[in-house]
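Trainee: Could we go through this structure together, one question at a time?
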Amino acid sequence: MVEAEMGTIAPAPTRCGFVALIGAPNAGKSTLLNQLVGAKVSIVSRKVQTTRTQVRGIALSGPMQVIFVDTPGIFQPKRRLDRAMVTSAWGGATDADLIGVLIDVERFDNEENTRLLEKLAELKQPKFLILNKIDVIAKDKLLEITTKVNALGTFETTFMIAALTGYGVKDILTWLETRLPLGPWLYPEDQISDAPLRFLAAEITREKIFERLHDELPYRSTVETEQWQQRPDGSVRIEQTIYVEREGQRKIVLGEGGQTIKAIGQKARIEIAEAAEATVHLFLFVKVRENWSDDPARYREMGLEFPKG
């Protein structure tokens, strides 16, 4: 009271909450998350369903701390791993304070988006629409798409963005400043993700595999960080295992004379070192584990619930 009488301005009350980013595969959720946070917390690939579990990125804007949840793309599941990913995505949506629905305007009328919007109608959380890749479509077409998509769902507002360049992204944060619940921040000011570095390191390596072998290696490969050892000089020794399902796939990852895995390791090491803020010594191993996608232990490693049946 005394401070108020003396003219001291009280700090704005803090806000904090969870916002799920949900959409079809390759809508640009991971790219958007990284732009919102201002750093890489989720891997990006042109290969569909790259994100397999919920990845949380933490952003600050004014008095607000928002925890964005990047969920796996919503699609029609066919395999056990698919079912686990879709279950994870819907779990991220139902636990959030708000839901950001991301639509790729180039593919706005595909079947996956239609099913997604129908399912979202069952969720009680407030929703807002994010139309992505608006820089590749004519304005009159964009207005037509905006009208059509809004007719299929109930959205508090619509944002038009280009996640790759960051265009329009800050508008989302500004709007959220008045929409999240009042309350204390849940994480330290300098924390940008709740994912352990071991997990992020494995994800970075998986991204580099996709970049290098997009057309050669089947979808079912995974990476696990087996060892993370702090050395006396401050550097980190990391051992990771890349699991594939057949010997032929192992040979593809290794490449002639080990050149492919060497190139993957070099690129992964640079990004892991940036995330760890330390010199990194990265050692990659490739092992065949048939039907790893039916192994409950692999699902626990990825943070997924193992679907029965």
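Mentor: What follows is a set of questions and answers on a predicted model.

Trainee: How many strands form the open sheet, and which stand at its edges?
Mentor: The sheet is open and mixed in its pairing, with the order 2-3-1-4-5-6, and the twist from one strand to the next averages 25 degrees.

Trainee: In which sense do strand 4 and strand 5 pair, and which residue is the bridge partner of Asp-104?
Mentor: Strand 4 and strand 5 are joined over six bridges, and the sense of their pairing is parallel. For Asp-104, the bridge partner lies in strand 5 and is Asn-132.

Trainee: How many residues does the largest nonpolar core have?
Mentor: The residues with the most contacts inside this core are Leu-32, Val-66, Phe-68, Ile-172 and Leu-176. Elements that give two or more residues to the core include helix 2 (29-37), strand 3 (64-70) and helix 6 (169-176). Leu-176, for its part, is in contact with residues beyond its sequence neighbours, among them Val-66 and Phe-68. The size of the largest nonpolar core is 25 residues.

Trainee: Is Thr-225 buried or exposed, and with which residue does its side chain make a polar contact of 3.3 Å?
Mentor: Thr-225 is placed in strand 7 (residues 222-230). Because buried means under 20% relative accessible area, Thr-225, at 5% relative accessibility, counts as buried. The polar contact of 3.3 Å joins the side chain of Thr-225 to that of Gln-240.

Conventions
Residues numbered from 1 in each chain as written. Predicted model: local features only at pLDDT ≥ 70, side-chain atom pairs only at ≥ 80, totals over all residues. Heavy atoms only, no water. Helix = DSSP H or I, 4+ residues; strand = E, 2+ residues; numbered from the N terminus. Buried < 20%, exposed > 50% of the residue type's maximum accessible area, 1.4 Å probe, protein only. Polar contact = N/O pair within 3.5 Å; in protein donor to acceptor, adjacent residues only side chain to side chain. Core = buried A, V, L, I, M, F, W, Y, C linked by side-chain atoms within 4.5 Å. Contact = heavy atoms within 4.5 Å. Pairing = 2+ DSSP bridges. Axes fitted to C-alpha atoms, helices over the stretch in contact; angles between N-to-C directions. Lists of a residue's contacts leave out its neighbours within four places in sequence.
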